[in-house]
Amino acid sequence: MQYQKIKNLIISIFLIALFTVLGANHIRETGRSHELLQKTIDDPEFRRDFFSDSMLQNRESLSEECKTFLTNVEKDVIYHPIPESIVDKSLKTSYVDGWMAERKYNGVSGHEGTDIMASVDKRGVYPVLSMTDGVITNLGWLEKGGYRVGITSNSGIYYYYAHLDSYANLEKGQKVKAGELLGLMGDSGYGPEGTRGQFAVHLHVGIYSFEGGRELSVNPYYVLLSLEERKLEYEFSQ
Ligand SMILES: [Zn+2]
């Protein structure tokens, strides 16, 4: 009887360990999706809302320009731009696919990016991290983007982070590593320098290619989703 109990216990421990290992592997595998390109090529429905240039996305097969763009983005991105707080679990973020949604500021335009919203609508709380290695090619105020950082990766893709509340110690021309602190999330923009509070606290992420002098942007929503399991952990609280 005693022997049977011990045997069952050993089998249970073995099964739990096995499932833990398999489960962890599953998270690792789905955590870093390299399937975006293939899905974009295979599925016209999926790519309809993927690139800014309808001329390129509506062709029967995806153009070389789009393929190169997406391949480079997949190689570039390493971390999600907003880390997890290890001290305040109420500080969460969320985002939806807002690609080309209508935006009204000095006229109507299509939203070329993804807005990562803060569960706690407080400026200067959430750290913003670089998703990629690269060089800071733009820094400072933009009427629409507020305090923004533009990082050009080694592959030439431009990553745009907007509406920051403040900057980390950054200079134009400086090299950054993926995961490096760029500043704190805010609600700056939509006015002259220093304007805040025209909308809720969020990070606007934009991803652009300027290959051959032509501006093309990709929907960051799917890129961000592929980084969901690639969030760094930071100590930040309200
Ligand atoms: Zn936005």
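Trainee: Is histidine 111 buried or exposed?

Mentor: Histidine 111 counts as buried, because its relative accessibility is 6%. The cut-offs are under 20% relative accessible area for buried, over 50% for exposed and partly exposed in between, with a 1.4 Å probe on protein chains only.

Trainee: What should I know about the model itself?

Mentor: It's a predicted model, so local features need pLDDT of at least 70 and side-chain atom pairs 80 or more, while totals for chains, interfaces and linings use all residues. Numbering runs from 1 along each chain as its sequence is written, and side-chain values use heavy atoms, without hydrogens or water.

Trainee: Which protein atoms hold the zinc ion?

Mentor: His111 through NE2, Asp115 through OD and His204 through ND1, at 2.0 to 2.1 Å. A donor here is an N, O or S atom within 2.8 Å of the metal (3.2 Å for Na, K and Ca), and water isn't among the atoms, so a site may look incomplete.

Trainee: How are those donor residues spaced in sequence?

Mentor: The pattern is H-x3-D-x88-H. Histidine 111 is in the loop between strands S4 (108-110) and S5 (114-118), and histidine 204 is in strand S12 (residues 202-209), so the two histidines tie together parts 93 residues apart in sequence. Strands are DSSP runs of E with at least two residues, helices runs of H or I with at least four, numbered from the N terminus.

Trainee: And histidine 204, buried or exposed?

Mentor: Buried, with a relative accessible area of 8%.

Trainee: Switching topic: how many aromatic pairs are there?

Mentor: Eleven, searching the whole structure. Take phenylalanine 51 and phenylalanine 69: their ring centres are 6.0 Å apart and the planes sit at 45°, so that pair is tilted. Rings of Phe, Tyr and Trp (its six-membered ring) pair when their centres lie within 6.5 Å; planes under 30 degrees apart are stacked, over 60 edge-to-face, the rest tilted.

Trainee: Where do phenylalanine 51 and phenylalanine 69 sit in the chain?

Mentor: Phenylalanine 51 is in the loop between helix H3 (44-48) and helix H4 (54-57), and phenylalanine 69 is in helix H5 (residues 64-76), 18 residues apart. Both are buried.

Trainee: What about tyrosine 221 and tyrosine 222?

Mentor: They make an edge-to-face pair, 5.2 Å centre to centre with 80° between the planes. Tyrosine 221 is buried at 17% relative accessibility, and tyrosine 222 is buried at 18%.

Trainee: Which tyrosines do ring pairs link into a cluster?

Mentor: Tyr95, Tyr221 and Tyr222.
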